[in-house]
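Please look through the sequence and the model shown below before reading on.

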Amino acid sequence: MWRIFLLVWMTGAIAVNCGNTFAATPRATTSATRVGAVATNAYATATPFAPPHDHAVAPRIALVIGNGAYGGNAADAIRQNAPRDAEVMGQTLRALGFEVIVRVNATPQQMHEAIGEFRRRLREGGVGLFYFAGHGMQIGRQTLLIPAGLDTRSPASLIRGGIDLGDVLHVMREPREGQMNLAILDACLENPFSADVAPDSPRLPSSTVVAYAAAPGGFAADGIRHGIYTQALLHALDAMPSQPLLTLLAHVATQVRDATGGKQNPWIASSLTASINATDSAVNAPIASAASDDYVVTLRSRGILPKDSSEQYEITFWNSIKDSNYPADYEAYLKAYPNGRFATLAQARIDRLRAAGSNTQPATPSVAPAPQAARPTAPASPAVTPTQERPRAVATPPAASTPAPSTPPVTAASPKPAAHAPAAGESRDCATCPVMVALPAGSFAMGSSSDDPSEKPVHRVTIGAPFAIGKYEVTVEQWNACVAANACAKLSPETNANKAAPARDLSWEDAQQYVKWLTKVTGKPYRLPTEAEWEYADRGGTTTAYWWGDQMRKGNANCKDCGDPWHKEGPEPAGSFAPNPYGLHDMNGSVWEWTADCWHNSYQSAPTDGRAWESPVCDMRVIRGGSWREGGGYMLSATRFKYSGGVRQSQDGFRVVKDLK
């Protein structure tokens with residue numbers, strides 16, 4: 001399985017990489033002279049940075065902003081460097097005769113106020129320069145500059161609070177005497193919500209040049225004290241301030257490419273010239289070598305980087321807003337994902353909130369859309385259907401200290417579903433409650449020595465107290481009892497028509513609602529099993545790869561190559577296959593089962609006492625056991641997987657656990 005994980009992870013990483021994938025020359029915003037003919041172009045001969053004593057110039061106004069105080073996963077380099085970039089750039093521009101407005105770690109309101117002041121000062125005429133260092137992102141043709149104080153883990157807040165570069169350019173658009181506009185952005189131009197990045201620059205006002213530190217989809221890196229692009233620009237302003245503008249910017253681009261080994265590719269857009277990549281040999285002459293602090297410390301430090309694939313980031317985005325009462329949050333989602341998997345639901349929420357008023361809590365829809373009906377084959381891409389079994393060797397974990405019960409495992413499928421009435425040693429707390437099987441305390445070896453790194457290391461876990469676990473997965477009939485009590489959402493009718501089948505198309509949060517209701521109805525402490533409890537129960541005291549042995553054999557689980565009965569449309573009724581040695585049915589196959597634990601990529605530092613393994617930030621929860629849609633390679637006792645806890649999926653269900661006093 002690890003090979004599948006690796007392949008999908010690499011695919012996702014390439015899709016969201018804030019690298020130079022889109023470093024090709026963007027399309028021109030106008031038909032104009034190429035950079036190679038700089039001698040005939042007005043901007044080629046313009047010298048906005050010439051010191052006042054060298055050249056008589058019109059008034060020069062600059063707005064300089066450097067933001068590094070971000071919440072979430074912002075790189076340490078940008079936290080320190082971006083504000084420093086702004087301070088030093090402000091000092092440099094003042095020495096070159098600019099009136100400078102400097103803002104460091106500016107909030108959205110402070111950025112808007114600074115832009116307003118910039119606008120008022122520009123009315124005097126002359127050169128207007130806007131400089132920004134910090135986080136940035138590009139959505140379609142829109143470039144957003146991220147104010148300080150926003151959490152990079154909250155996608156909706158980034159879109160709501162981001163400052164549109166177009167708004168700044170609009171301020172610079174107003175006609176004035178001696179007008180010349182220059183915007184310099186030391187920020188990333190990646191789109192964290194999609195692998196598709198529009199290579200077009202925004203529509204520019206006349207007499208405007210925009211210098212980007214990175215190409216669309218590209219990243220901006222940080223050095224020891226400054227952003228790599230800003231460091232090169234400071235050197236150029238010190239060494240050659242009287243050079244024509246495009247020549248100076250092209251030299252900066254050369255320095256940046258050299259410092260990053262060609263991984264960061266600045267480019268230029270102009271309303272008078274074709275947008276360029278600043279690579280033409282006519283303007284590539286070297287300047288003085290940059291100082292040692294050009295050394296690259298952090299690549300991709302100035303972009304909003306999702307932890308998983310762009311698909312998983314969409315789920316993260318939705319989870320962050322799905323309970324919001326503000327239409328703007330859902331509008332932000334639609335802006336990032338106009339054709340996203342939750343687009344219809346987002347629009348419905350917007351309509352409902354606007355109709356009811358912004359202070360009204362929206363009604364929870366009876367059915368949330370499942371991402372897709374297919375099962376993921378890797379944690380980074382939870383909607384991809386596996387096309388083959390797990391490509392891994394089966395290894396036997398160390399022996400457990402708890403002996404197996406005397407009842408031998410049965411290897412043939414029962415012809416009919418087992419009756420759901422309690423037998424000896426079983427219990428049921430109400431007529432519609434799950435049948436529970438009591439398990440003793442004990443110790444076992446959890447995980448496997450296979451080639452799946454998420455199942456390593458094998459570690460001994462001691463379950464210190466007995467507990468009861470559902471003999472079957474929670475069925476549609478049992479779930480509907482919760483629905484009738486108005487405590488659970490209605491199931492999707494197309495995936496839950498058979499009342500005897502396991503309830504599915506359920507999220508982890510749905511399962512939590514059910515156990516909360518069950519606890520209230522019975523007065524007993526019901527909950528989801530911990531991952532350790534689940535594997536302990538699944539193994540049934542055995543130490544083999546499957547509870548029935550070390551080899552896959554048909555007739556023991558409800559999976560696509562595990563033998564009849566099997567139907568591609570959905571799982572079989574609960575109890576259609578023989579139980580494991582603990583008398584538990586369908587622990588393998590049928591539906592994936594939610595556990596209480598947060599997902600961790602391995603068992604390194606995992607609890608050894610059977611408790612749930614939580615995390616401060618927990619978007620992904622552990623699911624176990626495989627489903628009817630998977631092959632036999634997913635039926636091993638150690639198989640583990642993850643899925644977003646707030647998302648419903650057609651192959652996900654659960655069984656419950658009850659603490660025994």
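A disulfide, which is a pair of cysteine sulfur atoms within 2.5 Å, joins Cys430 to Cys433, with 1.9 Å from S to S. The structure is a predicted model, in which local features need pLDDT of at least 70 and side-chain atom pairs count only at pLDDT 80 or more, while totals for chains, interfaces and linings use all residues. Residues are numbered from 1 along each chain as its sequence is written, and side-chain values use heavy atoms, with hydrogens and water left out.

## Disulfides

The structure holds four disulfides, and the table lists some of them.

| Disulfide | S to S distance |
|---|---|
| Cys430 and Cys433 | 1.9 Å |
| Cys482 and Cys488 | 1.9 Å |
| Cys559 and Cys562 | 1.6 Å |

The link of Cys430 and Cys433 is right-handed, with 100° about the S-S bond. The disulfide of Cys482 and Cys488 is right-handed because the torsion about its S-S bond is about 70°, and for the bond of Cys559 and Cys562 a torsion of about 80° means that this disulfide is right-handed too.

Cys559 and Cys562 are both buried.

## Aromatic rings

A pair of aromatic rings is described by the distance of the centres and the angle of the planes. Rings of Phe, Tyr and Trp (its six-membered ring) pair if their centres lie within 6.5 Å, and planes under 30 degrees apart count as stacked, over 60 as edge-to-face and the rest as tilted. The structure holds 21 aromatic pairs. One of them is the stacked pair of Tyr212 and Trp267, with 4.6 Å from centre to centre and 10° between the planes. Because Tyr212 lies in strand β8 (residues 208-212) and Trp267 lies in strand β9 (residues 267-270), this pair ties together parts that are 55 residues apart in sequence. Helices (H or I, at least four residues) and strands (E, at least two) are DSSP runs, numbered from the N terminus.

Are the two partners of this pair buried or exposed, Tyr212 and Trp267? Tyr212 counts as buried because its relative accessibility is 2%, and Trp267 is buried with a relative accessible area of 2%. Strand β9 also contains Ala269, which counts as buried at 0% relative accessibility. The C-alpha atoms of Ala269 and Thr208 are separated by 8.4 Å, although these residues are 61 residues apart along the chain.

Elsewhere, ring pairs link Phe317, Trp318, Tyr330, Tyr333, Tyr337 and Phe342 into a cluster. Rings can also have a charge over them, which requires NZ of Lys or CZ of Arg within 6 Å of the ring centre and within 35 degrees of the ring normal. Arg621 lies over the face of Trp508, at 3.8 Å from the ring centre, and Arg640 lies over the face of Trp599, at 4.3 Å from the ring centre.

## Cavities

On a 1 Å grid over the protein atoms alone, a cavity is a set of points where a 1.4 Å probe fits but cannot get out, and its lining residues have an atom within 4 Å of a point. How many cavities of 30 Å³ or more does the structure hold? There are six of them, and about 70 Å³ of space lies in the largest cavity. The lining of the largest cavity includes Met446, His459, Glu531, Asp597 and Trp613.

## Backbone features

A cis peptide bond, with omega of about -10°, joins Lys456 and Pro457, and Pro457 is found in the loop between β12 (442-446) and β13 (459-463). The peptide bond from Asp564 to Pro565 is cis as well, with omega near 0°, and Pro565 is found in the loop between α14 (531-539) and β16 (592-598). The loop between α14 and β16 also holds Asp586, a residue other than glycine whose phi is positive, near 60°. Asp586 is buried, with a relative accessible area of 7%.

Asn486 also has a positive phi near 60°. Asn486 lies in the loop between α12 (476-484) and α13 (508-522), and at 71% relative accessibility Asn486 counts as exposed.

Key. Buried means under 20% relative accessible area, exposed over 50%, partly exposed in between (1.4 Å probe, protein chains only). On a 1 Å grid over the protein atoms alone, a cavity is a set of points where a 1.4 Å probe fits but cannot get out, and a pocket is an open set with protein on both sides within 12 Å along at least five of seven lines; lining residues have an atom within 4 Å of a point. Grid points are joined across faces, edges and corners, and a volume is the space filled by probe spheres set on the points.
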